[in-house]
Amino acid sequence: MLTADKGRLASISEYGRPGQLRRLLLFVWQCWKLNLAGAMEFRLSFLLTAGMMVINNVVWIVFWGLYFRRFPVLNGWELRDVMMLWAVAAGGFGVMATLFGNAPRIANLVATGQLDVYLSQPKPVLLHVLISRMSVSAIGDVLFALMIYAAFGDKSVAGIVKFALAMALSTLIFIFFTVISGCLAFWLGNTEGLSFQLFNALLTFTTYPTGIFRGLGKLVLFTVIPAGFISYLPIGLLRQVDVPFLLGAVAVTVLLCLGGVRLFYSGLRRYASGNMISLRR
Amino acid sequence: MASIVVQQLGKSFRTKKKREGFAGSLKALVRPDYEDKTAVGSISFKVEQGETLAFLGPNGAGKSTTIKMLTGILHPTAGYAEVLGCCPWKERTKLSYGIGSVFGQKSQLWYHLPPIDTFELMSRIYELRRGDYLQRRDQLIERFELGPYLHTAVRKLSLGERMRCEIAAALLHRPQVLFLDEPTIGLDVVVKQRIRELIRELNREEGTTIFLTSHDAGDIERLCERAIVINYGRIVFDDRVELMKRRFLTHKTIRLVLEEEPERVELAGVSVLEQSGVRLALSVDTELTTIEAALSRIMARHRIVDVTVEDPPMESIITHMYGYSGKEELAT
């Protein structure tokens, strides 16, 4: 060792002492509180943005309502399944964008060298980046998902547990697929457009019943753009537990999580920073 | 004991070269042309605990890249560094508990929230004991005089107020080394002076090692004992600030008030900086002539009412150093 003793580090910090997880959770909680406080700084805009998203989603529900009044079954899907599809998709997206709102911005943050602040602080970089932003409109998506579930979902204990699991899988797939597409920027430069298109493709396909896709389309939805693992949840988990599908969905989610984390930290070695003036908002 | 040790540290980036115009863009799309750009050549230095170091150089010299490698933000392409016993890019998390950083152009304050909220978050990020945090926070609020705008959203603060909050936020966890990357950029003279005083006090009272990059001569003169000048990715000067003045002080300024208006001044090694009536400012190249010789030749021709001999400001020493001491040194 060439310099002063490491033991002298962190004199007023509890770093290295027991309770690391509790302190990490307190940090996450504080970040979320600040995000919400920041969003509420502009009260009217906050309420309008979240409210507009609920209305936006309701338009789609009305559309599907009209459709099912005319054709009660669509390739085995009923109105209730489509409502659950919207609850799981909008809910998963909503939780991601509300609590991990920087996920869709990773490509931009990397390409414009805005990770410096996160890298200079002692918290897991990916977690810190993800939780440092909140999309206000996405709060509307979460509320919408809960409203749809309250109206159409199975309110038994088993039903609620299954819905919670579906939400967890959907959220994780959204987060880590978005992280992976954002990480392309470490290797390919400014991939903001490409990453956004990939994210948009996932988001779009999660809101259509998997039953309407066949052949290559279906293959894509269960491989390259894993939207099928979200959009089939109303049938394969909520309506009736389809064990092979559920195991597949869990395995894909775990793979995406591990792959996303691995890719992000490998990419950090190639991170080139930048001279863009940046502020945290 | 050293706080920072840097051994042959280097960083190069692979950048895409593009010819001008749309045709150039098309060509770059089909057959991109890359070049390796050396941001930091191979630099070595040591910083002792409690030292105040100015890390200087013109734009693009490699100052910020060096700071980013020493704080673990960037991975080097060559060499080794140790800060407080940690290799920054391998032990980034551990190291960040012992260092603080202020990047003049990258804020760690939350834009829409008051500074007090960011301080609270910093206490969670650095896992500070509640009592210690509150004590330290109050101490910094008092010392940096943050009280009046502690509860005002950052977006509504002036640049000077924001920068004081930035520095206070970076000091909450009592770092042993403070990296400051152009902390006084864009600030007015009074605020700059106050920030320098605060950093100086901190260094004196807490023994914090200060590693500062700046283009401001005042920051260097009033804050730092030692200077390292880097240009084209290489160290071209590493010594005490006083010595930097002496080594690069090849000119002095003589300001004269004469009894009568002077004729043309033509002396070897002397050039006229300013002439207005009986007032005359001359620059004397001390490598070609001495102050005494220049003055005696003027006195032989004119009667002098008043005379002052000045060193040129630090600003012009830095300009002079940036001007020539780069590629020449790199080539040797």
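How far apart do the C-alpha centres of domain 1 of chain B and domain 2 of chain B lie? Keep that in mind as you start the tour; what you have open is a predicted model.

**Stop 1: the two domains of chain B.** Select residues 2-246 of chain B for domain 1, then residues 250-310 for domain 2. Their C-alpha centres are 43 Å apart, which answers the opening question.

**Stop 2: colour chain B by confidence.** The average pLDDT of chain B is 86, and 97% of the residues score at least 70. Now pick out residues 328-332 of chain B, where the pLDDT is below 50. Beyond near neighbours in sequence, this stretch has four contacts in the model.

**Stop 3: a covered strand.** Next, select residues 99-103 of chain B, which form strand 5. Five of its five residues are buried. Show the side chains: B:Ile99, B:Ser101 and B:Phe103 point one way, while B:Gly100 and B:Val102 point the other way.

Look for B:Gly100, which stands opposite B:Leu178 in strand 7 of chain B.

**Stop 4: two helices in chain A.** Move over to chain A and select helix 3 (residues 79-99) and helix 9 (residues 192-206). Their axes come within 9 Å and cross at roughly 150°. The two helices of chain A are therefore roughly antiparallel to each other. To see the contact, show A:Leu85, A:Ala89, A:Phe93 and A:Met96 on helix 3 of chain A. From helix 9 of chain A, A:Phe199, A:Leu203 and A:Thr206 take part.

Definitions and conventions
Residues are numbered from 1 along each chain as its sequence is written. Chains are lettered from A and ligands numbered from 1 in the order in which they are written. This is a predicted model: local features need pLDDT of at least 70, side-chain atom pairs count only at pLDDT 80 or more; totals for chains, interfaces and linings use all residues. Side-chain values use heavy atoms; hydrogens and water are left out. pLDDT is the predictor's confidence in each residue, from 0 to 100. Contact means heavy atoms within 4.5 Å. Domain bounds come from an automatic or database domain assignment. Buried means under 20% relative accessible area, exposed over 50%, partly exposed in between (1.4 Å probe, protein chains only). Helices (H or I, at least four residues) and strands (E, at least two) are DSSP runs, numbered from the N terminus. Two strands pair if DSSP finds at least two bridges between them. Axes are lines fitted to C-alpha atoms, for helices over the stretch in contact, and angles run from 0 to 180 degrees between N-to-C directions. Angles under 35 degrees count as roughly parallel, over 145 as roughly antiparallel, 65 to 115 as roughly perpendicular and the rest as oblique.
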